[in-house]
Amino acid sequence: MSNTEQTLSIIKPDAVERNLENEIKEMFKNNGFSILKEKKIKIEKSEAEKFYKVHETKPFYNDLCEYLSSGPIVVMTLEKENAILGNRDLMGATNPKDAKEGTIRKKYGISIDKNSVHGSDSPENAKIEIDFFFKD
Ligand code: CMP
């Protein structure tokens with residue numbers, strides 16, 4: 001049975017700053033993802049705090065929200081068969097030093113904070129995260 005899904009992807013400030021936007025989009029397209037919607041924006045820290053609310057009790061929450069709001073980001077909805085898991089595979093491990101060869105974070109990630117991309121981790125969160133940026 002087919003399972004076409006949409007997931008939210010963010011190209012984070014470290015990657016936008018290094019002009020990696022097009023290369024990363026090519027990796028998505030070469031791996032069969034369609035980019036349905038996209039916009040380049042800069043968000044306030046208060047918006048980052050809402051977006052990352054699931055992490056609010058974590059010790060890295062404040063730095064994470066400072067970082068996501070520190071410069072322009074590209075937010076996209078990606079579509080593909082099993083897009084959520086597929087995007088997580090393509091991104092690689094959260095910490096670039098643990099990411100496998102061929103993944104976005106292995107190729108471009110600098111550190112666990114500056115790990116170049118974010119992707120939704122479940123169908124529930126994909127819906128919440130897509131609505132967060134694209135509800136009109
Ligand atoms: P992301 O997939 O955007 O989701 C939350 C982010 O928190 C994660 O990528 C990392 O960039 C960041 N982060 C910082 N420290 C940690 C940590 N110890 N564990 C998990 N995520 C972390």
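This is a predicted model: local features need pLDDT of at least 70, side-chain atom pairs count only at pLDDT 80 or more; totals for chains, interfaces and linings use all residues.
Student: Which polar side-chain atoms lie how far from an oxygen atom of the ligand?

Tutor: A polar contact needs a pair of N or O atoms within 3.5 Å. For lysine 12, a polar side-chain atom is 2.8 Å from a ligand oxygen. The side chain of tyrosine 52 has an N or O atom 2.6 Å from an oxygen atom of the ligand. For asparagine 115 the corresponding distance, again from a polar side-chain atom to a ligand oxygen, is 3.2 Å.

Student: What percentage of the ligand's area does the protein bury?

Tutor: The ligand taken alone exposes 450 Å², and the protein buries 77% of that.

Student: Where does the ligand sit?

Tutor: The ligand sits in the largest pocket.

Student: Turning to asparagine 82, where is this residue found?

Tutor: Asparagine 82 is in the loop that joins strand 3 (73-81) to helix 5 (83-91). Its C-alpha atom is 12 Å from that of asparagine 31, and the two residues are 51 residues apart along the chain.

Student: Why does asparagine 82 count as partly exposed?

Tutor: Partly exposed lies between the buried limit, under 20%, and the exposed limit, over 50%. Asparagine 82 counts as partly exposed because its relative accessibility is 37%.

Conventions. Residues are numbered from 1 along each chain as its sequence is written. Side-chain values use heavy atoms; hydrogens and water are left out. A polar contact is a pair of N or O atoms within 3.5 Å; within protein, one must be able to donate a hydrogen and the other to accept it, and residues adjacent in sequence count only if both atoms are side-chain atoms. Accessible areas come from the Shrake-Rupley method with a 1.4 Å probe; for residues, only the protein chains shown count as cover. On a 1 Å grid over the protein atoms alone, a cavity is a set of points where a 1.4 Å probe fits but cannot get out, and a pocket is an open set with protein on both sides within 12 Å along at least five of seven lines; lining residues have an atom within 4 Å of a point. A molecule sits in a cavity or pocket if more than half of its atoms lie within 2 Å of its grid points. Helices (H or I, at least four residues) and strands (E, at least two) are DSSP runs, numbered from the N terminus. Buried means under 20% relative accessible area, exposed over 50%, partly exposed in between (1.4 Å probe, protein chains only).
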